Amino acid sequence: MTSDIRIGFAESVGNTPLIQIESLSQATGCNILGKAEFLNPGGSVKDRAALFMVLQAEKEGKIKPNGTIVEGTAGNTGIGLTLVANARGYRSVIVMPSNQSQEKIDLLRTLGAEVELTPPVPFADSRNYYHVARQRAEELENAFWANQFENLANAESHYQTTAPEIWRQSGGAIDGVVMSSGTGGTIGGVTAYLKEQNPKIATYLIDPPGSGLYSFVTTGELKAEGNSITEGIGINRETANFRRAKLDGAFQGSDQEVIEMAHFLLKHDGLFIGSSAALNVVGAVRLARQLGAGHTIATILCDGGGRYQSRMFNAEWLAEKNLTPIAKGLEFLDS
Ligand code: PMP
């Protein structure tokens, strides 16, 4: 008999299920597939990038025994990095904007990260978490700044693992793939790999309000308007990881669609997912409508809803934001 044991943290990351989402597949006449990244040990798609960035840094001698991993993050990369750090004998210092969910901040501290919160100011401001993280890495001795936005080990993790898994799990029968982008790692690695397997696969971005990527993909110009309740996605610059992406087009999705989709999937499919995952599924339905019935469309379920219980799944918070979780059947999918 052969064994099926995964050794330690490193081998616990990835190989997540590809789930056919029944309600939406029936509604659209397509196969809507979600890659269940919330089942990674750190609870998100970012465990893959975290692991690859640390392994690469070790290989290149950029991190030494007892060193410190420093990163600026919306939370999930920090969670993944802190677990990798614990498993491999490093400290972790995580810098994140104070407007991220309390659940992620609490979890990071529980896992053992030293967390520093920064004001939620734009990238151009030196107090932005990205710049503060770089500064902390310079100040600390024996520290490694993961720099997930520009570090190509991020997209490489998805090129080498997420995308081949989707390809293999679907038997190569993918017509389209759609997802949002934060650092661009997932979309960069996944679309690059899938286009190499089959250039006919339709590859799309779905972008939240407040991000410049939708206009960048559709007009070549970065232009951002509004803001969004989604966390970990949307950006107003082109990162090295995003540059790897091979895209055919882009959609936009609203906060109201995100909330309806998240609550709808929880109620009808037993899928408890976070805001970026819900936006991704909105994108999958948009692409299904565009391609027509009979197609197979994959997306990424980046993390779980538990990380946002006090927000997306909290009636008072939703009312404050003027958002309503009630999906009238599948009407919200028609627009
Ligand atoms: N969803 C969530 C919840 C995230 O934290 C992130 C990472 N910032 C993403 C999606 C986007 O992934 P990527 O950085 O690979 O673009």
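A word on names: helices (H or I, at least four residues) and strands (E, at least two) are DSSP runs, numbered from the N terminus. This is a predicted model, where local features need pLDDT of at least 70, side-chain atom pairs count only at pLDDT 80 or more, and totals for chains, interfaces and linings use all residues. Residues are numbered from 1 along each chain as its sequence is written.

Let's stay with α10. The helix covers residues 255-269. It has 15 residues and reaches 20 Å from its first C-alpha to its last. That is close to the 21 Å expected at 1.5 Å a residue; the expected span is 1.5 Å times one less than the number of residues.

Which residues of α10 are buried? Asp-255, Glu-257, Val-258, Ile-259, Glu-260, Met-261, Ala-262, His-263, Phe-264 and Leu-265. Buried means 20 or more other C-beta atoms within 10 Å of a residue's own; exposed means 12 or fewer; partly exposed is in between; C-beta atoms are placed from the backbone. The cover over these buried residues includes α11 and α12 (315-320).

Now α10 against α11, residues 275-291. Their axes come within 8 Å and cross at roughly 95°. Axes are lines fitted to C-alpha atoms, for helices over the stretch in contact, and angles run from 0 to 180 degrees between N-to-C directions. So α10 and α11 are roughly perpendicular to each other, a label for angles of 65 to 115 degrees. From α10, the contact uses Glu-257, Val-258, Met-261, Ala-262 and Leu-265. From α11, the partners are Ser-275, Ala-278, Leu-279, Val-281 and Val-282. In contact means C-beta atoms, placed from the backbone, within 7 Å. By type, the contact residues are eight nonpolar, one polar and one charged. Here Ala, Val, Leu, Ile, Met, Phe, Trp, Tyr, Cys and Pro count as nonpolar, Asp, Glu, Lys and Arg as charged, and the others, Gly among them, as polar.

On to the sheets. Six strands form an open sheet in the order β1-β2-β10-β7-β8-β9, with mixed pairing. Two strands pair if DSSP finds at least two bridges between them. At the edges sit β1 and β9 (249-252), each pairing on one side only. Neighbouring strands here are turned by 25° against each other on average, direction ignored. β1 pairs with β2 (residues 31-36) in the antiparallel sense, over three bridges. There, Gln-20 stands opposite Leu-33 of β2. Helix α11 packs on this sheet too, touching β2, β7, β8, β9 and β10. Its direction makes about 170° with that of β10. Helix α7 (residues 185-197) lies across β7, β8 and β10, running at about 170° to β7.

There is another sheet. What is its strand order? Four strands run β5-β4-β3-β6, open, with parallel pairing. The edge strands are β5 (114-118) and β6 (143-145). The twist averages 20° from one strand to the next. β3 (residues 68-72) and β6 pair over three bridges, and Thr-68 has Ala-143 as its bridge partner in β6. Helix α3 (residues 76-88) lies across β3 and β4, at about 175° to β4.

Last stop, the start of the chain. Met-1 is in the segment before β1 (18-20). Met-1 is exposed, with 3 other C-beta atoms within 10 Å. From Met-1 to Ala-250 is 48 Å, C-alpha to C-alpha, with the two 249 residues apart in sequence.

Key. Two residues are in contact if their C-beta atoms, placed from the backbone, lie within 7 Å. Angles under 35 degrees count as roughly parallel, over 145 as roughly antiparallel, 65 to 115 as roughly perpendicular and the rest as oblique.
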